[in-house]
Amino acid sequence: MISFIARQRDLRELVGEEVTGANELSYQDTLNLASGRFDVIKLEDRNLPEIARRRLLKPRDAEAAQAIAGAFEATTKVRSEVRDTLLGSDAASGADLDAFRATYPFSPAFISTLVHVSSALQRSRTALKLMRHLLVDRRETLRLGQLVPLGDLYDVISRGGDQPFTEKLKVEFETAQKLYDVKLRPHLLGQYSLTEEDLERAARGAEMAADHTARVRAFTGDDRLIKTLLLGALAPSVPALRNLTARRLSALNHGSITSPIPGGEVAQVARKLADWAGQFAELRISEGDDPVVAIELVGVDVDSVLATAKHYDNDGARKIMVQHLLWEQLGVAWSDTLFAEAKLVWRGSPRSIELVYGNVRDPDDIREEKFAPDDPTRWRLIIDYPFDSGNHGPADDRQRVQQLTDRMAAQTACWIPAALTAERLADLGKLVIIDKVLEGQRFDTHAAHLSVDDRRRAHAALTNQRLGLLNKLRGVLRQAYGLAAKQATDVKIGFDDHLLSLTRTLHLTLPMGAAFADALRGLGDQMLSIQFPGHPDFDPDRKGEPVRLADVKTVLDYIRQAVESPDGRVEVERTHRATMRRIANPLQLGQMHEAAFVIENQWVQHFNHRAAADGVHGELTVAQLLGWIDKPNTRGLDPIVAQLVVAVFAEQADRSFYLHGSEVVPAPELGKISAEHRLREERLPSEADWDTARARSAALFGFEPLALRRGRVVGMFARDLASQAERHRQAARDLVTRLEQHAQWLQIDPDAPAGRLSTARAAASLLDELAARTTAVQTVERLAQTDLGGPADRAGRSIQSAASVSGALSSAPWDTFEIVAALPEPYAREAAVIFGALRDAARADELTTPLAGALQRAKADATELLRRATLPPNPPPPPPPPPPASGAQARRVSAGQIDTVLAELSAYAVEHANATIEVTWKVVP
C-alpha cells in the first residue's frame with residue numbers, strides 16, 4: 001500500500017508554539033526518525049498551473065471548454081499594459097498565454113501572488129485550497145469572462161483562522177486587520193452610505209434598488225483596491241505587489257473599476273488613492289498621473305497627536321495654506337503678502353501680471369481701488385479662495401464684480417473658485433494641523449505621550465499623510481478653479497463662471513485639463529492679446545524663450561550688411577538662421593529664406609507715412625518713432641525689440657543719431673537708445689568728391705571705403721581718416737620743420753610751388769584738417785578738395801615716410817658737411833659734387849628720390865673726403881737701398897703710391913718667374 005500525504009511545509013514547522021522544552025525536542029526526534037520512511041516528491045511553483053487545471057479548473061464537458069476558450073480569448077484583447085500586468089511581465093517574472101489559459105479565471109500574477117502569500121501567511125491551507133475557497137465564495141457572482149480580482153485573496157486569507165509563521169508577520173497581520181476593520185472598511189461604508197447588513201444582503205443575492213446595487217458595486221471595487229494594498233504591505237517581496245501604482249492596482253483587479261473611456265479607470269484609481277492618502281496616515285503616495293502607493297503598517301495612533309493640535313486650524317491658516325498651494329502650482333515666488341508678480345514670456349516678450357489674493361466679495365478684504373492694477377500698462381488678476389464665511393458663496397463674488405464693472409473699467413480679471421465641500425474643508429483643516437505639527441520642534445511637544453520608537457513612526461506616518469493631503473488638495477483645487485471636471489464629493493456643483501473681467505471686451509476662458517501654470521499663461525495670452533493685438537509672435541513653438549539682447553544685435557548686424565549690399569541681400573550663417581527667422585520675419589524687417597536674408601522697407605514706409613500724416617518734417621525723435629510703432633494696432637514691443645526697429649529705420653533711411661544737438665558717434669548700441677535721441681538726415685558728399693576722396697585715401701593711407709555712399713559709411717570713413725591723420729600729423733609737422741630748418745643749406749626755395757617742402761607742407765596741412773573736429777561730410781570733402789600740390793601718391797609717400805625722413809634730417813652730420821663744403825682745392829671740386837647730389841635729392845619729392853638714402857651717401861662720401869684732406873703730406877721717398885744678398889726688398893710708401901709699388905712688384909715677378917716671392921704689408925704711424 002502506498003500513501004500520499006500532501007503537505008506545504010516541513011512537518012517540524014507544524015508543531016504548535018504551546019509545545020516547548022523537552023516535549024518539543026521529543027516531537028522533533030520522532031519526526032526525524034520517521035523521515036527515513038518517506039520519499040519526497042517536490043512539486044515546484046511552476047507546476048501549479050497544470051495541477052490547478054487538472055484538479056480544480058477542468059471544464060465539465062466539451063461545450064464548457066469551448067465557452068471558456070472563447071471567454072479567455074476575449075480577455076486577452078485588453079490593452080497591452082493591462083495584459084502585461086496580468087501576465088506578470090511588468091514585474092520581470094511573467095508567464096505566457098498558455099500558462100494564463102491553464103489557470104483562467106486566475107491570472108498568472110494572481111497565481112504568483114497566491115503562492116508567495118499562502119506560503120508566508122498560511123499554516124495548513126495550500127494554494128489550491130485557497131483557490132477553491134475563492135471559487136466557492138464567488139460561485140454566485142463570478143461570471144464567465146471575468147477574472148478573479150487580486151483583492152479577493154485577502155478575504156480568504158484573513159477568514160481562514162490561521163496565523164502567520166513568524167512573530168513579525170503576526171504583528172503585521174494583526175495591524176493590517178485592525179487598520180482594515182477600524183479605519184479603512186468603515187470609511188468606505190460611510191462613503192457609500194452602506195452597512196454590513198447591506199453587503200450581506202447583496203452577497204445573498206437579495207433584490208435591491210438600482211442605486212443601492214451601484215453603491216455596493218462601487219464599494220466592492222474600492223474594497224479590492226485597499227485589500228490589494230494590504231497584501232502588498234504584508235508580502236512586499238511578491239513581484240506583483242512591488243511598487244504598486246494606480247495603473248497596476250487597476251489591472252490586478254481588472255473589471256472592478258470601470259470607465260467609459262479606455263484607460264480612464266487609472267485616473268479614477270489615482271483620485272481614490274489621493275483621497276485615501278489624505279484620510280489615512282498609513283497610506284503613502286507619490287506624485288504624478290500614475291502614482292506609486294503603499295500602506296505602511298505603523299500601528300501607532302497618530303490621531304492622538306493631532307488631537308492636541310486642533311487649535312492651529314482656523315480660517316486664516318486655511319487661507320494661507322490655499323495660497324501656498326496656488327502659488328506653488330502657478331509657479332509664483334512665495335512672499336508673506338497677499339500680492340505677487342507672475343512672470344511669463346508672451347510671444348517672446350517678458351511680461352508680468354499683478355496677482356492679488358483675497359475675498360472678492362468682501363470690501364474690507366479687497367477695497368475697490370485694489371481692483372485696478374498699480375501699473376496701468378499691466379494686468380491684475382485677483383484670485384479668490386474656495387470657501388467663505390456664513391452663507392456667502394461664489395455667486396456673491398460674481399455680484400460684486402458685476403457691480404464694479406458698471407462703475408469702472410480696468411485691466412483686471414477675477415478668478416473665482418467653486419466652494420469646497422465640507423469633507424474637503426475638513427481635509428484642508430487636517431492639512432493645516434499636520435503642517436503646523438511637523439513644523440520645527442512642535443512635533444516633539446504634541447507627541448510627548450508616545451515612546452521614542454512610536455514617535456518616530458508617527459512622524460513618518462504624518463509626513464506621508466501630509467504629502468497625501470497635499471496631492472489630494474492640489475487636485476481638488478484644480479476642480480474648484482475650473483481646470484478639472486468637478487466631483488460632487490470635492491466641490492459644490494453649479495458654479496462655472498470662474499473668470500470675470502472688468503474689461504468689457506475681454507471674455508476669458510480656461511483650458512480644461514491644464515495645469516495651473518499653463519492656465520496662467522493662457523490667461524496672460526488672452527489678456528495681452530486684447531491689449532497688444534499687433535504684437536508679433538517671436539515664440540511660435542511656445543517654448544517660453546524671450547528675445548534676448550544678443551539676438552537683436554545679431555539681427556541688426558545682418559540688416560546692416562544687407563543695407564550696404566547692392567541687392568539688399570546677405571548670406572546668413574547656419575547658426576543664426578533660426579534667430580533671423582524667429583525675429584526678423586514676424587517683425588517685418590525682411591524675409592529669412594533658406595540661407596539668405598532679404599531686407600524689406602516696411603518700416604521706412606510706415607514711419608514716413610506717419611510723419612507725413614502728423615506733419616513732421618526733417619528731424620525725427622525716437623519718442624515719435626516709438627509712438628508710431630503702435631499705430632494703427634498696438635504692438636507693445638519689448639524695449640530692446642522696439643529699439644531694433646528704430647535702429648533698422650536709421651540704417652535704411654540713412655539717418656544719424658543726435659543727442660542734445662551733438663551727433664552720437666558711433667551710433668548708440670541696442671539697449672542704450674533712449675526716447676531723447678533724435679534721428680537726422682545727414683548731407684552726403686557729392687559723387688565726385690566721394691570718388692576723389694576714396695581714391696586719395698587709398699594713395700595717402702592705403703585703405704579705401706565701400707563704394708556705397710551712405711551716412712554710416714561716410715561716418716566710418718571720416719573716423720578712419722581722422723584716426724590716420726592723428727597718427728601721422730606730428731611726423732608730418734616735424735618733417736616740415738626740419739626741411740625749413742635746413743632749407744638754406746640744402747638750397748630749397750621756400751616759396752617753390754612744387755618739390756619736397758611744398759609737398760610736405762600740403763600733406764601736413766591736410767592732416768591737420770582731417771584731424772580737426774568737423775562733421776563726417778566736411779572731413780571727406782576736405783580730403784577730396786584740398787590742393788595737394790601734385791598727385792596724391794606724392795603726398796602719400798611724404799606722409800608715410802615723414803617719420804623716417806625727419807629722423808634722417810635730425811641725425812645728419814651738418815657740422816661735418818659745413819667743414820667739407822669749405823675745403824680748398826683740390827677737394828672743393830669733390831665736395832661740390834657730393835653736396836650737389838644731396839641738394840638735388842632734397843629739392844625733389846620723396847616719391848622721386850628718397851632723402852634718407854641720399855643723406856647717408858653724402859655722409860659717407862664727405863667723411864672720406866675729409867679724412868683724405870686732413871692727412872699730413874708724404875716726405876720724399878728715400879733712395880732705394882742696395883739689394884741685399886738674398887734679394888729681399890722692403891719699401892715704405894703712402895697709400896697714394898701703392899700703384900707704383902705694385903708696378904715694381906709685377907716687374908720683379910716677371911724677372912724672377914721661377915722664384916717664390918714673399919709679400920708682406922702693414923700700416924705704420
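Guide: Let us start with helix α27 (residues 711-741) and helix α28 (residues 756-771), whose axes come within 8 Å and cross at roughly 145 degrees. Please keep in mind throughout that this is a predicted model.

Visitor: Which residues make the contact of α27 and α28, and what classes do they belong to?

Guide: On the side of α27 the contact includes Leu-721, Ala-722, Ala-725 and Leu-739, and on the side of α28 it includes Leu-757, Ala-760, Ala-764 and Leu-767. By class, the contact has 13 nonpolar, one polar and seven charged residues, and the crossing of α27 with α28 is left-handed.

Visitor: Which residues of α13 and α19 make the contact?

Guide: From α13 come Ala-274, Asp-275, Ala-277, Gly-278 and Gln-279, while α19 gives Gln-465, Gly-468, Leu-469 and Lys-472. These residues divide into three nonpolar, four polar and two charged, with Gly counted among the polar ones.

Visitor: How do you know that Gln-329 is buried?

Guide: The relative accessible area of Gln-329 is 17%, and a residue is called buried when that value is under 20%, so Gln-329 counts as buried. Gln-329 is found in helix α15 (residues 315-330), and, leaving aside its neighbours within four places in sequence, Gln-329 is in contact with Arg-474, Leu-477, Arg-478, Phe-516 and Ala-517.

Visitor: Why is Val-923 called exposed?

Guide: Val-923 has a relative accessibility of 81%, and exposed means over 50%, so Val-923 counts as exposed.

Visitor: What puts the buried residues of α24 on the same side of the helix?

Guide: In helix α24 (residues 622-629), the residues Val-622, Leu-625, Trp-628 and Ile-629 are buried. They cover an arc of only 125 degrees around the axis, and therefore they are on the same side of α24. In general, an α-helix has 3.6 residues a turn, so residues three or four places apart point the same way. Among the elements that cover the buried residues of α24 are α23 (602-613), α25 (639-653) and β14 (678-681).

Visitor: What makes α29 a helix that is mostly covered?

Guide: Seven of the 10 residues of helix α29 (residues 776-785) are buried, among them Val-777, Val-780, Glu-781 and Leu-783. The buried residues of α29 pack against α26, α27 and α28.

Visitor: At what angle do α26 and α30 pack, and which residues make their contact?

Guide: Helix α26 (residues 687-701) and helix α30 (residues 792-811) pack at an angle of about 35 degrees, and their axes are 7 Å apart. Arg-696, Ala-699, Leu-700 and Phe-701 of α26 make the contact with residues of α30 including Ala-792, Ala-795 and Ile-799. By class, the contact of α26 with α30 has six nonpolar, two polar and two charged residues.

Methods
Residues numbered from 1 in each chain as written. Predicted model: local features only at pLDDT ≥ 70, side-chain atom pairs only at ≥ 80, totals over all residues. Heavy atoms only, no water. Buried < 20%, exposed > 50% of the residue type's maximum accessible area, 1.4 Å probe, protein only. Helix = DSSP H or I, 4+ residues; strand = E, 2+ residues; numbered from the N terminus. Arc of directions from axis to C-beta. Contact = heavy atoms within 4.5 Å. Axes fitted to C-alpha atoms, helices over the stretch in contact; angles between N-to-C directions. Left-handed = near helix turned anticlockwise from the far one by under 90°.
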